[in-house]
Amino acid sequence: MIINLIASTLAVLLTTWILSSGVHIEPWWHAIFVAIVLGFINAIVRPVLKVLALPLTVITLGLFILVINALMVMLCAWFLGSFTVDGFWWAVAFSVVLSIMTWLVNLVFGR
């Protein structure tokens, strides 16, 4: 569990660094809180939204999942004052890049 938290925090830090003009975490060590809150939101809220949005997801051939992911990032930013996202498209970019960074970090940690 600690390794998961470290990997998620590292992925959040790398994603924030890549998207530094639209996504901010101040101070940098608050990335651990972003990882915790985002994990909680993705475990509790996201499955409910995915079920409720199933018709839209089918109509858009799965692209509506990007909107749901962006909403989860914006909800996390709303909860945490130290994490800011400058707009919806930055949230979409954050969710896409975070997915890629999480995959890369998990590849390095061998999980």
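**Figure 1. Overall view of the chain.** Accessible areas come from the Shrake-Rupley method with a 1.4 Å probe, and for residues only the protein chains shown count as cover. By that method the chain exposes about 6,800 Å², of which carbon and sulfur atoms supply 79%. This is a predicted model, in which local features need pLDDT of at least 70 and side-chain atom pairs count only at pLDDT 80 or more, while totals for chains, interfaces and linings use all residues. Residues are numbered from 1 along each chain as its sequence is written, and side-chain values use heavy atoms, with hydrogens and water left out. The chain holds 5 helices and 2 strands; these are DSSP runs numbered from the N terminus, with helices being H or I of at least four residues and strands E of at least two. Their order along the sequence is α-β-α-α-α-β-α. The radius of gyration is 14 Å, close to the 13 Å that the globule rule gives for 111 residues, so the chain is as compact as a globular protein of that length. Here the radius is taken over C-alpha atoms, and the rule is 2.2 Å times the number of residues to the power 0.38. The C-alpha trace spans about 40 × 30 × 20 Å along its principal axes. Buried residues make up 37% of the 111 residues, where buried means under 20% relative accessible area, exposed over 50%, and partly exposed in between (1.4 Å probe, protein chains only).

**Figure 2. Packing of helix α4 against helix α5.** Helix α4 (residues 64–79) and helix α5 (residues 88–109) pack at an angle of about 100°, with their axes 8 Å apart. That angle makes α4 roughly perpendicular to α5, a class that covers 65 to 115 degrees; under 35 is roughly parallel, over 145 roughly antiparallel and the rest oblique. Axes are lines fitted to C-alpha atoms, for helices over the stretch in contact, and angles run from 0 to 180 degrees between N-to-C directions. From α4, the contact is made by Leu 66, Val 67, Asn 69, Ala 70, Val 73 and Met 74; α5 contributes Phe 88, Ala 91, Val 92, Phe 94, Ser 95 and Val 96. Contact means heavy atoms within 4.5 Å.

Figure 3. Leu 14 lies in helix α1 (residues 2–18). At 32% relative accessibility, Leu 14 counts as partly exposed. Apart from neighbours within four places in sequence, Leu 14 is in contact with Met 101 and Val 105. Leu 14 and Ser 99 are 85 residues apart in sequence, and 11 Å apart in space from C-alpha to C-alpha.

Figure 4. Thr 57 sits in helix α3 (residues 54–59) and, at 12% relative accessibility, counts as buried. Thr 57 touches Gly 62, Phe 64 and Ile 65, not counting residues up to four places away in sequence. Leu 61 is found in the loop between α3 and α4 and counts as exposed at 79% relative accessibility. Although not a glycine, Leu 61 has a positive phi of about 60°.

Figure 5. Pro 27 is found in the loop between β1 (23–25) and α2 (31–52). The peptide bond from Glu 26 to Pro 27 is cis, with omega near -10°. Most peptide bonds are trans. Asp 86 is placed in the loop between β2 (83–85) and α5. Leaving aside neighbours within four places in sequence, Asp 86 is in contact with Ser 21, Gly 22 and His 24.
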